[in-house]
Amino acid sequence: MKRRFKIDRKFLPLLVTIGLFVVAYGYGAAQYPGMRSPQTFFNLFIDNAFLLIGSIGLTLVIISGGIDLSVGAVIALVSVASAHLLEKEGLSPFVVIPLMLLMGSALGAVMGAIIHYFKVQPFIVTLAGMFLARGMSFFISLDAVTISDPFYRALSLARIHLIGKSFISIHVAIALLLLLVTIYLAHFTRFGRTVYAMGGNEQSARLMGLPVARTKVLVYTFAGFCNALAGIVFSINLLSGHGLYANGLELEAISSVVIGGTLLTGGVGYVFGTLFGVLITGTIISILQFNGTLSSWWTRIVIGVLTLVFIGIQSFFY
């Protein structure tokens, strides 16, 4: 008797996400010849590297049962703070970059500690963090600060050549390396198992003797690190910093994570799925750009609809 191949239900939302990306990009390639170019595909990674980096950190936060609304604000703060330190204070980028990563990690650690030890809802704490980071951005500078540092410019122009004349930027390599590291942390370490247990039922995780307090603080610290890294990538890409940058990006990141198959209530999700959630967003933008007749607001409309659809799919399977 033949054994029937059966897919575990928990993988179905992830497979739906991957299938949706394939269908969306296939539709775009069929409609617009420009999307058939390999470089157009790689541009999805180049244009959305900073979003992917921020979404990776947010994925672990949501899996743990939390939320982080400070993603875009921290990116803006890091961009303007690094630009100010480089251009106005004359500091070396080898000092500025570690400082920015430390600042983002520290902000994440403080928010994680407040959430756990003071029993404050993550929504409230990270909302306060968002206002703090955005306000600090304008405290540093009301205007955009242009970056002329040679090291930043060299990174901005750096290319990693692939097949034919196609290439990716150094930002993509950083984002993909972070993705691989986070997949390992989430699925092959005790830290990752604790994150999933917390998202499933924090009280049960505590009763099992898992280090809930330490893990929660580490999750938000890691998210802060990712946000700061996204801010560095963003500032290198634009060679400037401003307090208005990445406005509303936290909502795009949340949508990417949800579309990627992560359950908003926590305990279920895959970091790998977040990659495809980001790529779907990039594909929709590319289709609208090649179309040329539709408003860019259609991107938000489609992403909003997809987010609602995937929340419905998740409630069905889980």
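Leu-44 lies in helix α2; helices here are DSSP runs of H or I with at least four residues, strands are runs of E with at least two, and both are numbered from the N terminus. The model is predicted, so local features need pLDDT of at least 70 and side-chain atom pairs count only at pLDDT 80 or more, while totals for chains, interfaces and linings use all residues. Residues are numbered from 1 along each chain as its sequence is written, and side-chain values use heavy atoms, with hydrogens and water left out.

Is Leu-44 buried or exposed? At 3% relative accessibility, Leu-44 counts as buried. Buried means under 20% relative accessible area, exposed means over 50%, and partly exposed is in between, computed with a 1.4 Å probe on protein chains only. Not counting residues up to four places away in sequence, Leu-44 touches Phe-21, Tyr-25, Leu-279, Gly-282, Thr-283 and Ser-286; contact means heavy atoms within 4.5 Å. Leu-44 and Ile-285 are 241 residues apart in sequence, yet their C-alpha atoms are 9.3 Å apart in space.

A pair of aromatic rings is described by the distance of the centres and the angle of the planes. Rings of Phe, Tyr and Trp (its six-membered ring) pair if their centres lie within 6.5 Å; planes under 30 degrees apart count as stacked, over 60 as edge-to-face, and the rest as tilted. The structure holds 12 aromatic pairs. In one of them, the ring centres of Phe-21 and Phe-41 are 6.4 Å apart and the planes stand at 45°, so the pair is tilted. This pair links distant parts of the chain, 20 residues apart: Phe-21 is in helix α1 (residues 12-31) and Phe-41 is in helix α2 (residues 38-47). Phe-21 is buried at 7% relative accessibility, whereas Phe-41 is partly exposed at 27%.

Phe-41 also pairs with Tyr-25: the ring centres are 5.7 Å apart and the planes are at 85°, so this pair is edge-to-face. Again helix α1, which holds Tyr-25, is linked to helix α2, which holds Phe-41, across 16 residues. Tyr-25 is buried, with 12% relative accessibility. Which residues form the aromatic cluster? Phe-21, Tyr-25, Phe-41, Phe-42, Phe-45, Phe-272 and Phe-276 form one cluster.

The next topic is the nonpolar core. In soluble globular proteins, nonpolar side chains tend to be buried together. A nonpolar core is a set of buried Ala, Val, Leu, Ile, Met, Phe, Trp, Tyr and Cys residues joined through side-chain atoms within 4.5 Å. The largest such core has 89 residues, and those with the most contacts inside it are Ile-53, Tyr-152 and Ile-232. Beyond residues up to four places away in sequence, Ile-232 touches Val-78, Ile-97, Met-100, Leu-101 and Tyr-152.

Helix α5 covers residues 93-117, which is 25 residues. From its first C-alpha to its last, helix α5 reaches 36 Å, close to the 36 Å expected at 1.5 Å a residue; the expected span is 1.5 Å times one less than the number of residues. At the start of α5, a side-chain oxygen of Ser-92 comes within 3.1 Å of the backbone nitrogen of Phe-94. After α5 comes Lys-119, found in the loop between α5 and α6 (122-140). Lys-119 is exposed, with a relative accessible area of 59%.

Leu-239 likewise has a phi near 55°, positive in a residue other than glycine. Leu-239 is in the loop between α11 (212-238) and β4 and is buried, with a relative accessible area of 14%. Strand β4 (residues 240-241) holds Ser-240, which is buried at 8%. A polar contact of 2.5 Å joins the side chains of Ser-240 and Tyr-245. Such a contact is a pair of N or O atoms within 3.5 Å; within protein, one must be able to donate a hydrogen and the other to accept it, and residues adjacent in sequence count only if both atoms are side-chain atoms. Leaving aside neighbours within four places in sequence, Ser-240 is in contact with Ser-79, Val-145, Thr-146, Ile-147, Ser-235 and Tyr-245.
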